[in-house]
Amino acid sequence: MPENDSKTTTKVRPKTERPRLHKVILVNDDYTPREFVVMVLKAFFSMSEDEAAKVMITAHMKGVCVVAVYTADVAETKATEATDAGRGAGYPLLFTTEPEE
Ligand code: NFA
């Protein structure tokens with residue numbers, strides 16, 4: 001015996017907010033060798049040789065290039081690790097992060 005005889009139903013649509021994603025950005029400099037930049041992109045961002053070369057050249061020509069988007073924590077960690085890899089080799093290679101619009 002139904003307690004609710006109403007002919008109308010309301011569908012609950014829970015609003016699950018997706019976490020805002022953050023971009024990892026490769027910044028150009030005059031000292032880091034192109035091949036080293038490509039190597040770091042392949043190692044830390046699982047890119048193919050072709051993808052890595054395109055991203056590297058774009059940053060080289062335009063000053064910056066978006067490498068990938070991740071949750072804030074992952075973006076921060078990847079940017080730091082990739083920047084540290086450059087520093088470890090004596091290069092000023094820089095990866096930064098910023099929130100996506
Ligand atoms: N501009 C660097 C060079 O000519 C290459 C580079 C590209 C460095 C992208 C950093 C980021 N050797």
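The ligand is surrounded by Leu 26, Val 27, Asn 28, Asp 29, Thr 32, Arg 34, Val 37, Met 56, Ala 59 and His 60, where a residue counts as near if one of its heavy atoms lies within 4 Å of the molecule. The structure is a predicted model, in which local features need pLDDT of at least 70, side-chain atom pairs count only at pLDDT 80 or more, and totals for chains, interfaces and linings use all residues. Residues are numbered from 1 along each chain as its sequence is written, and side-chain values use heavy atoms, with hydrogens and water left out.

**Ligand shell**

- A polar side-chain atom of Asn 28 lies 2.7 Å from a nitrogen atom of the ligand, and a polar backbone atom of Asp 29 is likewise 2.7 Å from a ligand nitrogen atom.
- A polar side-chain atom of His 60 lies 2.8 Å from a nitrogen atom of the ligand.
- Taken alone, the ligand exposes 330 Å², of which the protein buries 89%; accessible areas come from the Shrake-Rupley method with a 1.4 Å probe, and for residues only the protein chains shown count as cover.
- S1, H1 and H2 are the elements that give two or more residues to the shell, and the largest share, three residues, comes from H2. Helices (H or I, at least four residues) and strands (E, at least two) are DSSP runs, numbered from the N terminus.
- By class, the shell has five nonpolar, three polar and two charged residues. Here Ala, Val, Leu, Ile, Met, Phe, Trp, Tyr, Cys and Pro count as nonpolar, Asp, Glu, Lys and Arg as charged, and the others, Gly among them, as polar.

**Thr 32**

- Thr 32, one of the residues around the ligand, is found in the loop between S1 and H1.
- At 11% relative accessibility, Thr 32 counts as buried (under 20% relative accessible area; exposed is over 50%, partly exposed in between; 1.4 Å probe, protein chains only).
- The backbone nitrogen of Leu 93 lies 3.4 Å from a polar atom of the Thr 32 side chain.

Definitions and conventions
A polar contact is a pair of N or O atoms within 3.5 Å; within protein, one must be able to donate a hydrogen and the other to accept it, and residues adjacent in sequence count only if both atoms are side-chain atoms.
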